[in-house]
Amino acid sequence: MLGFVLVLLVPVLVAGTALRLNYTGEPAAGTTSRGKDVIWLGHAWVDGRKSDADLAAFAARIKGTGIRDLYVHAGPLEHDGTLPADRHPRARWLTDAVHRTMPGIRVHAWLGDVLASEGPTGLRMEDAATRTAVTGSARQILDTGFDGVHFDFEPLHSGDRDYLSLLDDLRRLTRARHALLSIAAHQIDPLPAAHRVVGVVSGGRQKWWSQKFFGQVARRVDQIAVMSYDTWMPLEGLFGGYVAQQTALALEVTPESTDLLMGVPFFHESDLGHHESAETVSAAVRGIRLGLSRTDPHRERFGLALYVDFAAEEGDWTAYRKDWH
């Protein structure tokens with residue numbers, strides 16, 4: 001019995017020690033804002049709940065920060081890939097108002113759906129007609145004045161060739177429209193083939209992508225935003241070390257032509273996957289700066305992705321400004 005406990009406990013202790021050590025040291029000078037940050041915005045901005053006054057307050061909130069892009073929730077897609085027009089009745093108001101009052105800020109339509117990869121219902125990426133419909137939905141939403149389209153499909157398994165095919169189709173569309181293509185990315189295997197191990201143990205569920213697949217995705221988009229939160233880490237030092245590792249892994253395979261954006265938790269909840277006391281803005285930013293310092297400190301196409309506006313508290317904004325600028 002003792003031997004069995006040690007077999008389980010020792011690898012956990014070793015991994016935890018490695019992550020905590022990964023959080024030590026000081027970030028290199030200059031590993032601060034490049035003016036290429038993004039923030040995910042909720043559906044209220046396109047369904048009629050937000051007003052000109054709300055937009056003015058938001059503009060004041062982000063003035064002087066590195067935020068350049070807004071990922072505005074305009075979906076979700078139907079399971080067949082289509083996008084009903086009544087999902088975003090105030091989209092044109094938003095895009096026109098941002099372009100008029102916030103010069104230099106770009107607005108992306110955030111679309112997506114749950115995938116039928118781990119359950120009986122959801123969007124089926126393997127269906128060619130569905131992928132064609134997703135591309136049609138992107139064309140449709142760009143007609144409302146968005147500068148780009150941002151996709152978040154979950155849970156998306158590592159190595160999904162149908163997803164890569166969809167990204168190829170979407171890239172052709174966005175290039176023809178002089179628009180941007182961005183995606184929300186899963187985290188990268190913290191240990192070799194971790195996604196396969198988790199898949200076997202959990203009966204097909206996966207959390208991570210392989211580093212190779214991450215690179216394949218990154219080469220097909222203009223921006224890739226890593227959802228580097230919901231990490232299961234129970235302590236701030238472990239979370240920060242994990243984010244430092246994720247930053248380094250992503251930097252190693254993201255081409256210079258793609259904006260790499262590391263996720264920062266602007267939300268507050270505690271459950272099995274996310275511990276509010278551990279996943280703080282300050283720990284995330286410090287971990288990101290450490291990973292950047294050790295891997296590619298002079299990279300220009302790099303920023304933070306703040307999730308999400310409607311759950312953010314004043315302290316989150318304060319930490320973002322203090323630690324990143």
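Predicted model: local features only at pLDDT ≥ 70, side-chain atom pairs only at ≥ 80, totals over all residues.
Me: Is H178 buried or exposed?

Reply: H178 is exposed, with a relative accessible area of 76%; exposed means over 50%, buried under 20%, and partly exposed in between, using a 1.4 Å probe and protein chains only. Residues are numbered from 1 along each chain as its sequence is written, and side-chain values use heavy atoms, with hydrogens and water left out.

Me: Where does H178 lie?

Reply: H178 is in the loop between α5 and β5. Helices (H or I, at least four residues) and strands (E, at least two) are DSSP runs, numbered from the N terminus. H178 also has a positive phi of about 55°, although it is not a glycine.

Me: Which other residue has a positive phi near 55°?

Reply: D230, again a residue other than glycine. D230 sits in the loop between β8 (223-226) and α8, and is partly exposed at 30% relative accessible area.

Me: New topic. What is the volume of the second largest pocket?

Reply: About 520 Å³. A pocket here is an open set of points on a 1 Å grid over the protein atoms alone, where a 1.4 Å probe fits, with protein on both sides within 12 Å along at least five of seven lines; lining residues have an atom within 4 Å of a point. The volume is the space filled by probe spheres set on the points, which are joined across faces, edges and corners.

Me: Which residues are closest to the centre of that pocket?

Reply: Of the 19 lining residues, E154, H186, K207, M227 and D230 are the closest to the centre. Strands β4 (148-154) and β5 (180-185) each supply at least two residues of the lining.

Me: And what about H157, buried or exposed?

Reply: H157 is buried, at 18% relative accessible area. The loop between β4 and α5 (161-176) holds H157, and its side chain makes a polar contact with the side chain of E118 at 2.8 Å. A polar contact is a pair of N or O atoms within 3.5 Å; within protein, one must be able to donate a hydrogen and the other to accept it, and residues adjacent in sequence count only if both atoms are side-chain atoms.

Me: Last one: which residues does the cis peptide bond with omega about 10° join?

Reply: Y307 and V308. V308 is in the loop between β10 (302-307) and α10 (314-324).
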